[in-house]
Amino acid sequence: MTAHAPYPWICSRRSGTGVVSVMAETLRRPCRRSSGVSGVRAPPWPYARRRSPTGPTPMPSPGARFVSASDVARRALRGPKALLDWHDRRPRATLTSPRGWIWMALIAALLYWMSNPLVFIPSFFFSFEHAKFWTKIAILVTLPWLRLPRIPWPWLLFLGLCYLSQLWSISDANTDLTNLVTMQVALMALIVAANCEALVVCWGLGLGGIVVLALSAYAYEQELPGASNPYLTGSDFAGVGTNENILAYTLGVSLAAVLAIGWPRRTPWRVLSVATTAALLYGIYRAASGTGFLAVLGLAGMAALIAAWPRLTTLPRRVKVLGSLAVVVVPLVAGLVVSFALGKDLGTVSGRAPFWRAAVEASLETAPWFGSGWGAVWQHPWNAAQPNAVAQLIYDKAGYVLPHGHNYFVDVMPELGLVGVAIVVAMVVQAVTTARRTGVREGSDPVAGRLVVLVLVSLMVFGITEPMFSVPLGWWSLTLVVATARQRVLPRPERGARRWPWSRTTGRRRADVPPQAATVHG
């Protein structure tokens, strides 16, 4: 039995009859018109056409289908997706290319400027102008190969909260200036991360530490003001930042980056790596910072753990238990040694514990959730806020005055509240998950994974007594290493393969082209 067409009255040949009569006629009998093929009725309404005066209109095949909205959207997005894939196939700078040396020199210079070298440059904002100028020069020189960065989502949340805090800030001018500096520092780090491989970043940070150490030694030998503060800070070798703790955490970040390189394959690079590590260790020793010594122990322990991890997984259970106890006992012993050898008060973390408690209590009393405005409370040496009631309340509760919170998380709470602290914790978690995805021994980019882990360890240890998240060096280095590991990198297509969906074929069948697997970090 032949099926009726869904709308057979469209095919009616009758003329001069009304619509009702045509419908009644078509309901009584099927349409006599066919598609020209024996036993095949006319197609549904979307494909029904009038008879052409020159001949019958060719009808679509029985397998023809409607074009859905999803097909239209997929075809519309094919061009932007191909453009994005083309961008992600652009090669990043390596150590074997001139671009790599340009970016490596820029990273070293940025580390020096972010450390706030007050001995040679009287204000951080002068250093910041140098950093922005030379970053623009590097972008212009490498413009034909420039890659755009991908921003991790916790960084977007944090920057958004910083700009929203302008609405309730107790000092609009300080918040506006701090937001601008925070955004531009993050942008410089993201641009460098998008255009450099992890090895370039590691060597650039290591070279930057050598520059800071060399200029610190020069300033000390020339007895420049601020290079030695035995009466003010008790340090004979204060460095270019006029403070032994600043010198220690600057060299600590550089040491973490050099350790992330691992053991190079070629002898010249091995010699350079060993020499750089020894010089950075000597600089931290000369700084005589208790937190610096703890950071060195933490970096050495993490590097040893990464190197020995495959063997540790096969050890007996008793050895694993003893190793876990050693992880707890060794830091305690190291803390006692540092306390007695350097005279540091580690019980109250050099007297900072009461100040932390005062900062938390004052934050909960004034603005517990969103704080009093980013950059509006603390009087950082690089960007001092105006005298305000929140800072004065902290000083009254603590009984003494410090320019900032002297802690990675406590420093954020008075200015951005509990929400800001939660976002900072999310950024740290994002760094850990990034290192896990990329791998530290095997994976898509083990060097980038080790760089994230070791720099994060350095920042966390120094962050016990220093505001490593708020200072430009800490914010820049964290953004740099995490963004380096999270860039999307696709392999370049083989010669002759189709690069664009609308390009012409190259003589080979599509099935003969081997699939290209994408390397996506994050």
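Let's start at a helix end: asparagine 243 caps the N-terminal end of H8, with a side-chain oxygen 2.8 Å from the backbone nitrogen of asparagine 245. Helices here are DSSP runs of H or I with at least four residues, strands are E runs of at least two, and both are numbered from the N terminus. This is a predicted model, so local features need pLDDT of at least 70 and side-chain atom pairs count only at pLDDT 80 or more, while totals for chains, interfaces and linings use all residues. Residues are numbered from 1 along each chain as its sequence is written, and side-chain values use heavy atoms, with hydrogens and water left out.

Back to H8, residues 244-261: at 1.5 Å a residue its 18 residues should span 26 Å, and the end C-alpha atoms are 26 Å apart, which agrees. The expected span is 1.5 Å times one less than the number of residues. Since 17 of its 18 residues are buried, H8 is largely enclosed by the rest of the structure. Buried means under 20% relative accessible area, exposed over 50%, and partly exposed in between (1.4 Å probe, protein chains only).

Zooming out, the protein has 16 helices and 2 strands, and 44% of its 522 residues are buried. Of the contacts (heavy atoms within 4.5 Å) between residues at least 6 apart in sequence, 73% join residues at least 24 apart.

Now the rings. The whole structure holds 18 aromatic pairs. Rings of Phe, Tyr and Trp (its six-membered ring) pair if their centres lie within 6.5 Å; planes under 30 degrees apart are stacked, over 60 edge-to-face, and the rest tilted. Here are two of the pairs:

| Pair | Centre distance | Plane angle | Type |
|---|---|---|---|
| phenylalanine 124 and tryptophan 382 | 5.4 Å | 75 degrees | edge-to-face |
| phenylalanine 355 and tyrosine 400 | 5.7 Å | 35 degrees | tilted |

Phenylalanine 124 is buried at 2% relative accessibility, and tryptophan 382 is buried at 10%. With phenylalanine 355 in helix H12 and tyrosine 400 in the loop between H13 and helix H14 (413-438), the other pair ties together parts 45 residues apart in sequence. Phenylalanine 355 is buried at 0% relative accessible area, whereas tyrosine 400 is partly exposed at 28%.

The arginine lies over the face of tyrosine 220, 5.5 Å from the ring centre, and its charged end sits over the ring of phenylalanine 237, 4.6 Å from the centre. The criterion is NZ of Lys or CZ of Arg within 6 Å of the ring centre and within 35 degrees of the ring normal.

One aromatic cluster is made of Phe158, Trp374, Tyr408, Phe409, Phe469 and Trp475. Threonine 182, in helix H6 (residues 172-195), touches Phe158, Leu159, Trp374 and Trp475, leaving aside residues up to four places away in sequence. This threonine is buried, at 7% relative accessible area. Its side chain has a polar contact of 3.1 Å with the side chain of tryptophan 374, and the threonine 182 side chain also reaches the backbone oxygen of threonine 178 at 2.7 Å. A polar contact is a pair of N or O atoms within 3.5 Å; within protein, one must be able to donate a hydrogen and the other to accept it, and residues adjacent in sequence count only if both atoms are side-chain atoms.
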